[in-house]
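This report describes selected features of one structure. Please keep the sequence and the three-dimensional view at hand while reading.

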Amino acid sequence: MAERSFAKEVEHLRLGEGEVFKGEAILAITKGLLQSGVSYVGGYQGSPISHLMDVLSDAQDILGELGVNFQSSASEATAAAMLSASVNYPLRGAVAWKSTVGTNVASDALANLASGGVTGGAMVIIGEDYGEGSSIMQERTHAFAMKSQMWLLDPRPDHARIVDLIEKGFQLSEASNTPVMLEVRVRTCHMHGSFVAKDNVRPEFSIDDALNNPTRELDRIVLPPAAYEHEQEKIKQRLPAAIDFIRDNKLNEWFGPEDGKVGIVVQGGMYNNVIRALQYLGLSDAYGNTRIPMYVMNVTYPMIDSEIEDFARDKDAVLMVEEGQPEYLEQSLNTVLRRKHHKARIFGKDVLPMGGDYSVAAIMEGLEQFLEATEPQLLGNRPPRPDASDVLAMPSVEKLKEVVPARPPGLCTGCPERPIFAAMKMVNEDLGEHHVSADIGCHLFSILPPFNIGNTTMGFGLGGASASAFSRSTGKRSIAVMGDGGFWHNGLTSGIGNAIYNKHDGVFLIVDNFYSSATGGQDILSSRAFNKSRNTNNPIDKAVRGIGAKWVREVDRTYDVGKMKEVLTEALTTEEEGPKIIIASSECMLNKQRREKPQIAAAVKSGKRVVKERFGVDEDVCTGDHACIRLSGCPSLSVKHLDDPLRDDPVAAIDNSCVGCGNCGEVSEAAVLCPSFYRADIIQNPTWWDRFKARASLALIGFLQRRRDRNRVLVEAV
Amino acid sequence: MRDETVKLPLERAGDATERPISLAIVAMGGQGGGVLTGWIVKLAENAGWIAQSTSVPGVAQRTGATIYYVEMMRPQDGKSPILAQMPTPGDVDVVIASEFIEAGRSILRGIVTPDRTTLIASSHRSLAIAEKSAPGEGIADSSAVVDAIGVTAQRQIIYDMNALAVANGSVISSAMFGALAASGALPFSTEEYHAVIAEGGKGVAASIRTFDAAYARSQQTDEEAKEALEEPVLVQPLATPPTSPRAARLVERLEQGLRPQIATMARLGLSKVVDFQDAEYGAEYLDIVEDLFRLDTELGGEAHDFELTLAGAKYVANAMAYDDVVRVADLKTRAARRGRIADEIGLSDDTIFHTTEYMHPRMEEVVGLMPAGLGRWLQNREGLYGWLDRRVSKGRRVRTYSPGWFLMLYFVAGMRGMRRSSLRHQEEIDHRDAWLALVRDMATRNYALGVETVKCRRLIKGYSDTHARGLSKFARVTNEIERFAERDDAAEWAKRLRETAIRDGEGGDLDGLIKTIRSFE
């Protein structure tokens, strides 16, 4: 069950010819795929493409009606390999993932696919996670497109354009026997917009047609001598065919006047912000009527030499607006124009930033410098442009810099991973610091405050693998962490299998929260929920034991901090050889809440006895040291000031968002912190026995309390 | 809609530079920023405008800060505007912040500028982890945000939108939507806003109620809002007369012996100490405070507003009301405590509740309760002590309101009578007296240093390990104070030492500072 349900939105996927679709671009992309007659889709979730996978998952009925096979792939490599269905058969297929990390994982399959080429249209929807808010290393997918020769579409951020390019992209793929990639950036994925829909298309050639009449061509397989032939094919046939198609179908666009001494070449994805920058400089209106000629590359690879030549022919200078580094497009532009001895000067990364987001402000500055150097009169009398630098230089704003605290992401309220890292922090206090190989997933938040645990992260599922060098230890052991998502992505073989084979002496902690939680709570092999279209409930411990693990401990309730601590300590100190594998399982609290909340509400409503738990702090027992928070970081555990002049420091306080997971109580008990935490068990619709017991004990308690109060001397404080 | 036509004395630079209306919503994950964004888009689309929203969720969804951005504009001759995907500093019309420090962050992004930005922000705080986890006081100073808003926002609508939403049974997004409507920043009617909420189909009534309340509140000044909310507060009498004769005697003594500015603090202290033990203990407290006051007067404390006694009245009370098992058991078994919890969880007639305490007593606490002699004897029998500790020291879940456990806690709380002969009390008294002796010594040499020495008591807090760490910090700091007592700037160093010690190990480096100070010698 994914974090966000698109059950309602997917109905938009049924829109027919002429109807207007309004919604998120991710949904528009899905609609584009259906309008293109795909036979199969797959992929691996990850921001900014997670929602695409969730949409597909929620749209399985519609996909079924159209005969489309949808899979949540085990990894991006699986997804890429899935495209091999288009090698021999005229089947259109699409897969999606987060890039560049997903493309890294997929690149072996992609290289093979691109070498042999395809018969049916094959498309990879790339979620380009670059710039502000990105969660990964800052690299470009462009390099993969070039090295394996796959066409890279970079549509300008407009739903109609994106949907159109999906359809054209499949045609391009077929016309040039080459897989294509369609790149959408983070903001575009989550962009709300609209387009006029077409009918969905049921593929003419079905998967059954392929399976019932299999064909094979030896020369499509990457083996010498075919592999050498493929390279020649790429150069002599596929590239020219692609260029012809792109040119004939006008996939790239021209805006503004035909003449002009200067022009701008822009990646499709940068178009909107370039228009705004031009507008600030008085060179365009809000509707895109620019005064400077623009060539918008909706296809950024290959570059169409003849179009570039035509655009630059009578110009003195062109500016290449290209996000990220290295500046592949600028280099290519140089090659094209210099080879043909065109005079136009080329500007690019000399006036624009080499790396980072191409915000409107950054583009505007670059444009200004470019025009300054080439055609200054275009800037007119320099209309005022937005500028916040004066405001930012104000002393009271300067002062804010010291005041506004960082807000790093953290584990959710009630997260079952919190007690694991609290226990690890306590164990570190007993046994000293350990080297911790962290991994991608929610558990990576352990590297941030308040836990500050974790030395490296090398890629999804590679937590185990990245501890490989530390396999022989005479003193302290290494700890490798991976999540259940990473475990099934590749960690079982790359981490655990590798450790067992190489007799690794370290500790391997598998954090099992029943879902691929960091990407939005998708089901995986070991999920404990029933899923009608997938096979779940395959426990991790069986997998690791199946490949030879001997020392395996399962903690089936991570909130048991004492047990967690004990198991970790044992793993770090036992004499036993081989990897020490700990599987710590508890359900992701976000998912659990989503699952249980409606059930509980219904039970309460129908008069059933329901016990709800939440935690609290006795404020007069708490002394304001906040050690509990340094072992927790729970969003519902905060601090508050007391109205008591005798107290200096704010005390801990738990707000209404507490879900009663128990972490704070367990931690204060295990770390021997303080007795100020209590758990309140709130019984709704109590039975007569509950009421009787409560009444009887409260009668006794009340008697005792009154007795003591009688003997107490009271000095009123004010 | 703004007209940004640039008037150029030369040739016109462009046809139209009319720009869209831009809104940025700065929020934290789970604060409904997405819902609000969806509503604003819908609002514009319903009116036939083109609206585009973008966001960057990624990891920000897990409590991190995130930003949503909306642009809207009318189509022209069937042509849609090209809308930007991120806010440009200096060109944002409305900024909506769902938390107060986030409003500050938006100012740092340069998207709040005096020439155009309406800032709508909730004044409530959701503390960042660094603010919460700091030992002692770490909460950011909100007044810096107030100051910055004053000079950067063209208009501001600021109040606790979260509280307003909760009071009306909804969430903050509805309140912020109401504030947006009230701001008049968008050319849409209240009915159009209502229509958007109604289309959502979930919790509509509560959302509309919250929207309307926020709309009304947004048009009031803070003073008006205060008047509307609060009932007139009666002027509080200066002090409540004590109810028991024994308490009355103590209060009388306090008021006669001390200056009024000290008496208020001393009364709080007295109340705490008597509450901790008994009236006799209160008299002991007054002995100490009066002693200090005499010294203070001798040292010319008048000129310092009797700062030494004032700090003494506070910290002596804290020192005397130390955190022991008896106190914890006492606090947990009081009637008022159960009432407070019932309020906190919003107990209704058809629910009942129990509480479970998470306790981890150790042999140390048990020995502390014993008569001093017996306790010391046991402490010296390592083997026996360890054997007992293994039996005692474990986590215990105490069901407070079950008869058995309550009786147990009640019994422990009742050991108050024997407390003053206990080992723990002996240790606390010895420590307290040594501290007070040092205070006298320091104050005699250097008044300000004496005051700082008093305040060092703040370092001791908590239970078990935390308490032990506090004691050790206290010892290190007071040792140093004695070492450099002759310096002219000793008081300043003492203050720095104390503040560093509070944060020692969590951003503070006490050993480092001590080294630095010694290097001056």
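## The second largest pocket

The model discussed here is predicted. Sorted by class, the residues lining the second largest pocket comprise 24 charged, 17 nonpolar and seven polar residues.

The space in this second largest pocket amounts to about 1,200 Å³. Its lining consists of 48 residues, and those closest to the centre are D620(A), D644(A), R647(A), K272(B) and R327(B). Several elements each supply two or more lining residues: from chain A, helix 25 (688–710), and from chain B, helices 11 (260–276), 13 (307–320), 14 (325–332), 15 (335–344) and 21 (423–445). The largest share, five residues, comes from helix 11 of chain B.

## The two domains of chain B

Chain B is divided into domain 1, covering residues 21–229, and domain 2, covering residues 420–521. A distance of 47 Å separates the C-alpha centres of these two domains. Each domain contributes five residues to the contact between them.

Together, domain 1 and domain 2 of chain B bury about 360 Å², with 51% of this area on carbon and sulfur atoms. On the side of domain 1, P135(B), G136(B) and E137(B) lose the most area to domain 2, and together they account for 86% of what that side buries.

## A residue in strand 5 of chain B

T118(B) belongs to strand 5 of chain B, which spans residues 118–122. Is T118(B) buried or exposed? Its relative accessible area is 6%, and buried means under 20%, so T118(B) is buried.

Apart from neighbours within four places in sequence, T118(B) is in contact with D93(B), V94(B), V95(B), R155(B) and S183(B).

Note on methods
Residues numbered from 1 in each chain as written. Chains lettered and ligands numbered in written order. Predicted model: local features only at pLDDT ≥ 70, side-chain atom pairs only at ≥ 80, totals over all residues. Heavy atoms only, no water. Helix = DSSP H or I, 4+ residues; strand = E, 2+ residues; numbered from the N terminus. Buried < 20%, exposed > 50% of the residue type's maximum accessible area, 1.4 Å probe, protein only. Contact = heavy atoms within 4.5 Å. 1 Å grid on protein atoms, 1.4 Å probe; cavity = no way out; pocket = protein on both sides within 12 Å on 5 of 7 lines; lining within 4 Å. Points joined across faces, edges and corners; volume = space filled by probe spheres on them. Nonpolar A, V, L, I, M, F, W, Y, C, P; charged D, E, K, R; others polar. Domains from an automatic or database assignment. Buried area = accessible area lost by both parts, 1.4 Å probe.
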